Amino acid sequence: MKRLILIAIVFCLLFSRFTGQAFAAVCKEGCEIEGITFCLHRKPCEPINEALIKAAKICRERGLESSRPITRLLFVDIFTRVLRLEKEFPEDIGEKSDEERYAIETQVLAKRDIAVLLDTRAKDPLTKEELTEVLKKVIIEDSIVSNGNKNQTFELRNSGFEVYDMNLFVDEGSGERLWNRRQNFSESNPSSADYVVKLDSCNNATLYFGDGIKGKIPKAGSKIRTSFRILGKEGELITPCDIVELFSNQKLARAIKNTYNPSRPLTKANFVDLYIRTMGLSGMLPRETSRLSEEELYKLQTDLLYRRGITVFANTNPKAFLTKEELGNVLYNMPVEELLGLSNGKPDQVFELNNSGFEIYDFHLFVDEGAGYEEWARKVSFQESSPMDKDYLIKIDADNYAKVFLGDNTKGKTPVLNSPIKVHYRLYAPSALITEDDILCVLVPPRVEAYEPPPPPPDFPPPHDGYEDPGTHI
């Protein structure tokens with residue numbers, strides 16, 4: 001297991017801090033076909049899925065109508081990396097032939113109960129039956145809250161994939177109740193818990209509710225939840241476009257990954273082992289650690305960290321989950337410096353931070369307009385800023401990704417053309433449960449130039465940066 005974790009670190013090292021691209025949640029790679037843009041999102045610290053980008057390129061160059069069938073090999077290359085199974089591959093998989101790589105990848109999938117592609121030919125087309133076999137165990141869920149209006153609609157966002165085994169539940173305050181699917185509302189009355197599904201020309205599904213006369217209106221505030229499964233697209237041919245569209249749909253891709261390879265909560269033992277390996281401290285441990293029990297190894301590792309000033313893990317249970325406060329204690333002394341890019345000289349520039357959904361604090365922004373880096377001032381708004389005020393705003397979206405906003409030369413100064421813009425900040429913890437996938441994003445030695453962080457407090461508190469709620473503000 002430890003060897004596999006180390007391999008995962010190597011992937012992260014290759015594709016994250018050194019490329020500066022693997023953290024972003026926004027669309028970094030796109031493929032537009034006949035007006036349809038597939039946005040190839042990546043989750044925090046997820047290696048770039050080169051096979052998926054290749055499929056998008058094939059789709060873009062050949063167009064929707066002329067796309068050839070996707071091969072099993074290309075599908076498996078894409079699929080295993082969507083599931084983030086690359087850490088289970090041998091280190092030399094890049095040197096293998098296509099057939100050898102396909103055999104390895106299908107064997108790894110078989111361990112996840114996806115055996116339909118075992119002992120098949122790599123270069124043959126993927127069949128609809130095979131794709132259906134892969135997808136049939138995946139239950140996709142989505143939810144909204146009723147606004148109480150007549151004729152409400154709810155898009156399934158199924159990306160044109162055929163939907164089946166669909167159920168809709170409404171909780172109006174006394175628990176979920178299964179509603180009934182109808183062809184139309186012609187026979188529905190005001191109390192009928194009915195809904196209708198309509199498909200557009202691309203097979204995208206929309207749910208419709210009644211108007212209080214023909215079909216019941218879900219009460220305002222009611223929780224509406226759908227669950228369904230998907231098949232392939234209409235017809236037997238599975239194209240690169242189909243697969244790109246499938247895995248660029250975050251709702252579908254997330255459901256598939258959660259079915260076959262859900263992220264595991266991180267234990268203290270796993271984190272400590274990962275930290276020591278990433279920081280190159282393994283040589284300071286005895287050679288024969290493979291013979292030790294988990295508890296014995298954890299004691300040696302935590303003693304080593306204690307001698308290096310990380311005391312938070314001393315005398316703790318290795319099987320307990322890592323807490324935000326413990327992670328914050330470690331990350332405090334790992335400040336991040338990030339070059340956001342060069343100013344294009346235009347007003348209203350926006351830059352996204354690579355904070356991977358982690359809460360950030362101790363934030364500073366610097367701009368070099370030719371006389372060296374100068375720190376600019378963070379503001380809540382540009383309302384009182386003048387054209388010469390070196391101000392910026394920072395906003396956080398629902399997934400805790402941060403964006404920096406610069407002025408328009410009327411409200412706030414615009415950095416001169418080609419000015420480098422960099423930021424310094426500290427990471428605290430993800431806003432949700434800490435998992436193994438999360439931690440691979442941050443255990444990389446930071447590259448900090450000319451940054452003198454404030455002295456650490458004698459006893460580490462949760463970061464608050466002057467705010468009452470720890471870690472919730474920057």
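Mentor: A nonpolar core is a set of buried Ala, Val, Leu, Ile, Met, Phe, Trp, Tyr and Cys residues joined through side-chain atoms within 4.5 Å. Buried means under 20% relative accessible area, exposed means over 50%, and partly exposed lies in between, with a 1.4 Å probe and protein chains only. The model is predicted: local features need pLDDT of at least 70, side-chain atom pairs count only at pLDDT 80 or more, and totals for chains, interfaces and linings use all residues. Residues are numbered from 1 along each chain as its sequence is written, and side-chain values use heavy atoms, with hydrogens and water left out.

The largest nonpolar core comprises 56 residues, and those with the most contacts inside it are Phe 75, Ile 78, Phe 79, Phe 247 and Ile 256. Its largest share, seven residues, is supplied by helix H3 (residues 72-82); helices (H or I, at least four residues) and strands (E, at least two) are DSSP runs, numbered from the N terminus. In soluble globular proteins, nonpolar side chains tend to be buried together.

The charged pairs come next. A salt bridge is a side-chain nitrogen of Lys or Arg within 4 Å of a carboxyl oxygen of Asp or Glu, and the whole structure holds 31 of these salt bridges. In one of them, the closest N and O atoms of Glu 88 and Arg 112 are 2.7 Å apart. Glu 88 belongs to the loop between H3 and helix H4 (98-110), and Arg 112 to the loop between H4 and helix H5 (128-135), 24 residues apart.

Glu 172 and Lys 216 also form a salt bridge, at 2.8 Å from N to O. Glu 172 lies in the loop between strand S5 (163-171) and strand S6 (176-178), and Lys 216 in the loop between strand S9 (205-208) and strand S10 (223-230), so the pair ties together parts 44 residues apart in sequence. Glu 172 counts as partly exposed at 25% relative accessibility, whereas Lys 216, at 17%, counts as buried.

Arg 225 and Glu 176 likewise meet in a salt bridge of 2.8 Å, N to O. This pair links strand S10, which holds Arg 225, with strand S6, which holds Glu 176, 49 residues apart.
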